[in-house]
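Student: I have a fold on my screen and would like to learn how to read it. Could you walk me through it?

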Amino acid sequence: MASVETHKNGTARNLLSKAPWTDEQGISMKIYQGVVLTLEVIVLIVKMYATWFYSIYKFFVPPEPKSVKGEIILITGAGHGMGREMALSFAKLGGTIVCVDINPTGNQETVEMIKDSKGKAHSYLCDVTSRTSINEMAEKIRKEVGEVTILINNAGIMPCKPLLQTGEKEIRTAFEVNCLAHLWTLQAFLPGMMERNHGHIVAMSSMAGVIGLRNLVPYCGTKFAVRGMMEAVHEELREDPRDFSGIKLTCICPYIVDTGLCKNPKIKFPSLMKILSPQEAVEHIVDAVRREYHEITIPSSLYYINQMFRVFPRSVPLHIKDFLDSGLEAQ
């Protein structure tokens, strides 16, 4: 019995001797880890404050617009609306425009308008919902024009009706055009940008990708997805051990633009939230691309209003939304 007690006591003493608070090496390691963690937190705080003050500085002193002369700029949905206006604007700035659309007549008209203004443009017909078609087109563009350096995913459709009245085909098509097409073009053109560490990806989202709106449930889903994809692509590039700092991303979130998609807009305060023309919207888009902004809303005030009200309880911004009483009626 005594030997058992001795064994138990010996075991207890052995465990006690191995406890980290009695081991000088263990205590030293814990102190070291604590010091390292404290320094890391201090560095993090310094970085956060430095970035915050730098952002404030950039708000008042925005970056100089970069030149797009000589860039090969591919724009989907270039046959009309904002796609056409972007093509015309970037062509005037010296870019070589690759116009992509499923509508041959409208696409060719855009190309002719650019050439009439002494610009450079090429026309390619493509169904952006088809990954195979996009890959085949990408190969032709590389051979006939060169590597795309600025990709603008602009093509989109907007079914506008209550969710329960929206058919399966309409929903699938909306996601294929507004969302999946972005993935297919990224897979086709991003590798070339990564090889040279040079490029710019521009995605057309919407204020419907920032706040939910009735009669636009599938559309909102596609535009929220676009913003999420752009953020995720940014993180993949940023966290890659290779240097991809030369590849920029810009996400565009317009309010209501008169492109023909918005048939029945509802605006309570037109002077505060007016419908923009494609030309007005494109001025903001081109400026955002040239200044390499990560994300913008059109008008820009909506970006700050949204960020501010996101910190409030959910019911507070809903009161503001009800007061503004804006959106789209069902078609």
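Student: What share of the contacts in the protein chain with a separation of 6 or more comes from residues 24 or more positions apart?

Tutor: A contact means heavy atoms within 4.5 Å. Here residues 24 or more positions apart account for 69% of those contacts with a separation of 6 or more. Keep in mind that this is a predicted model, where local features need pLDDT of at least 70, side-chain atom pairs count only at pLDDT 80 or more, and totals for chains, interfaces and linings use all residues. Residues are numbered from 1 along each chain as its sequence is written, and side-chain values use heavy atoms, with hydrogens and water left out.

Student: How many helices and strands are there?

Tutor: Helices (H or I, at least four residues) and strands (E, at least two) are DSSP runs, numbered from the N terminus. The protein chain has ten helices and nine strands.

Student: Which residues have the most contacts inside the largest nonpolar core?

Tutor: Such a core is a set of buried Ala, Val, Leu, Ile, Met, Phe, Trp, Tyr and Cys residues joined through side-chain atoms within 4.5 Å; buried means under 20% relative accessible area (1.4 Å probe, protein chains only). In this one, of 47 residues, they are Leu74, Met137, Ile141, Phe189 and Leu216. Elements supplying at least two residues each include strand E1 (72-76), helix H5 (131-144) and helix H6 (168-196).

Student: What does phenylalanine 189 touch?

Tutor: Leaving aside neighbours within four places in sequence, its contacts are Leu74, Met137, Ala138, Ile141, Arg142, Val148 and Leu151.

Student: And how much of the chain is buried?

Tutor: Buried residues are 37% of the 331 in the protein chain.

Technical notes. Buried means under 20% relative accessible area, exposed over 50%, partly exposed in between (1.4 Å probe, protein chains only).
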